[in-house]
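Colleague: Hi, could you walk me through this model while I have it open? I'd like to ask things as they come up.

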Amino acid sequence: MKLLIIEDEQDLREVIQQSLEMEKFLVETAIDYKSALDKIISFDYDCILLDIMLPGGNGLDLLQELKNLDKSENVIIISAKDSLDDKLKGLNLGADDYLTKPFHIAELTARVKSVLRRKSFHGKNIIEAGNVKLDPEERTLFINENPLLLNRKEFDILTYMLVNKNRLVNKTSLAEHVWGDHMDEADDYEFIYSQIKNLRKKLKDNQATVEIHAVYGIGYKLVQG
Amino acid sequence: MNLLNYTLKYLAFALFGIISVWAVIFYVNMLDEVYDSLDDGLDNYKLLIIEKAHQDSSTLTRTEFAEGNYEIREISEKSALQMKDVHKDTLMYMQFEEDLEPVRILTTAFKRDDRYYELKVISSMVEEDDLIEDLFYSLIWLYIAMLASILIVNNFLLKKVWKPFYTLLDQLKNFRLGKNQTIGPVDTDVKEFKVLNDSVISLINHTLEIYNSQKQFIENASHEIQTPIAISINRLELLAEKSEMTESGLETVGQVIQHLERLKRLNKSLLLLSKIENRQFEETEEININQVINDLKEEFTDFADFKDVIISIYEKGQLKVIMQKDLASVLISNLLKNAIVHNHTSGNVDIEIGEGYFKIINSGSTVALDENKIFRRFFKESADKNNTGLGLAIVKAIADRYGFKMQYLFDGRHGFEINLKS
């Protein structure tokens, strides 16, 4: 899988690159409008992360260019502007997703994988890890081909953890993904723990080969045993 | 007391003094003149009578005033020689008035054919008490007339003259920083008002400029801080994922991440606050508050369960309001979050939705909060490190933005009532 990060801010670009490389993706980068244009014309990418504000031009123009080249699927816009206008324009020009900076890397990883899944499985959207099979669209979970029923929050947690398999997931990121933006400030997210505990128990009871570990003070990690 | 009446008050006192003093002087002068003129008349009369007495001796026999206004009496030489012309006031019975009335009398002596006579000539005189009374009443009327005319002039002319001043005053009275108002120029030819107006406008503009740049600064600063914080967290997460990390190293990284998360929340709240104050949430739509509250209750269920707090909603009516969607959820979620966080185990949160208002009431500490402080930025009742102290400040900013009335209630439980009908 080959990804392109078009982002002028060096720190952010490095962090995204490092993180996506840990997911075994091949990652290329472009730091301005012109080099980005060169790359998208010359190569094909499975997923493009596109910043809107770029030196030398607007990311939305790049998107238009991609559309003209018939390559506009699998673009995730990453923008510092929380502007509905840009979002609508971007999505209209064929972008798959829109992420407002700053974001959690785990969230970005989840979005990238979601885009890639849609592409590779022709819409058949299954996440697999060990004996666990999860369909985020149908909201079904099978362990050893046996269906297992989870409540909504447990299902969302498991999905997020599976997508970020073997990665450290910050509990803030998890809380925001599962419970939404309003849960910040809410008592250090201790309430997440009870949900995780239930989920762990259900996974263990059904002999799942994945386990969720707590990483002290930071968050959680799903590992395949 | 307004300016017009204030000046009138002093004018009234001053006028009263001036008129009183003037009345005394006028009275004395007038009386003096009257006496002078009477005495001249009497002197002239004296000469006429003496002349007449020289020609007609029968005149000398008039020893009574009777219908005439003089009497003549023979006196000894000795007393005649001692006598000087004396003008004085006396009282005399007047048949017409049926009373004793003041008269001016001239007593003199003259010599005719070596005999001495005393002559008394009278002239009826001003009745002083009547004069004083007349004078008093006319002055009272004059005084009233002057006050009335000053009042009228004040009300019509001065009001017109002071109009620019009052226009300016009205504008200043209604002026609030951060409400996007400006002070307009007033139309006036009066130099002082022009200067005042110009000074006020330049002062306000200067203040607004500073205020806006400060607001903008907070927003920009918060915005700029966002990315470094996010990158720091990301880099620490990547560091924590490296296998060479020891347990204690991981713990430290975790603590740093927690602090950065706290900083991020704080910064996010500040950014939101300044965005609200900078009016960056302009798109509005009709929001069903019942719906928002029910949705948020759902969102907060896990958190409330964890804290063992029961949320109940009492819908007494459907509440709809035109506002920005995100701000509606922030307004309610901040109050709801507070109600859960500052609760005790197995406590409760009651939400009442009624016609034009909603209330969020929660159990918690038994001491009332200080209503004057809770809406201030960074005010904290507890040393809870997860509390940014900005939650209620944001609620207040949103309420102010839409002109909602907000009230803190305490009756053993804490309550916030938001009145949407301003």
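Modeller: A:F142 stands opposite A:P147 in β11(A). Before we go on, this is a predicted model, where local features need pLDDT of at least 70 and side-chain atom pairs count only at pLDDT 80 or more, while totals for chains, interfaces and linings use all residues. Residues are numbered from 1 along each chain as its sequence is written, and chains are lettered from A and ligands numbered from 1 in the order in which they are written.

Colleague: Okay. How many bridges join β10 of chain A to β11(A)?

Modeller: Two, and these strands run antiparallel, with β10 covering residues 140–143 of chain A. Two strands pair if DSSP finds at least two bridges between them. Helices (H or I, at least four residues) and strands (E, at least two) are DSSP runs, numbered from the N terminus.

Colleague: What is the strand order in that open sheet?

Modeller: The order in chain A is β8-β9-β10-β11, four strands with antiparallel pairing. Strands β8 (127–129) and β11 (146–147) of chain A are at the edges with a single partner strand each, so one side of each has no neighbour in the sheet.

Colleague: Switching topic: how many residues of chain B are in contact with chain A?

Modeller: 32 residues of chain B, in contact with 31 residues of chain A. Contact here is when the C-beta atoms of two residues, placed from the backbone, lie within 7 Å.

Colleague: And which elements of chain B give two or more residues to that side?

Modeller: They are α4 (191–241), α5 (247–277), α6 (289–307) and α7 (325–341) of chain B. The largest share, ten residues, is from α4(B).

Colleague: Nice. Which peptide bond in chain A is cis?

Modeller: The one joining A:K101 and A:P102, with omega about -5°. You'll find A:P102 in the loop between β7 (97–100) and α5 (105–120) of chain A. Most peptide bonds are trans, and most residues other than glycine have a negative phi.

Colleague: What about phi at A:Q207?

Modeller: A:Q207 has a positive phi of about 50°, although it is not a glycine. A:Q207 lies in the loop between α8 (190–205) and β13 (210–215) of chain A.

Colleague: Is A:Q207 buried or exposed?

Modeller: A:Q207 is exposed, with 10 other C-beta atoms within 10 Å. A residue is buried if 20 or more other C-beta atoms, placed from the backbone, lie within 10 Å of its own, exposed if 12 or fewer, and partly exposed in between.
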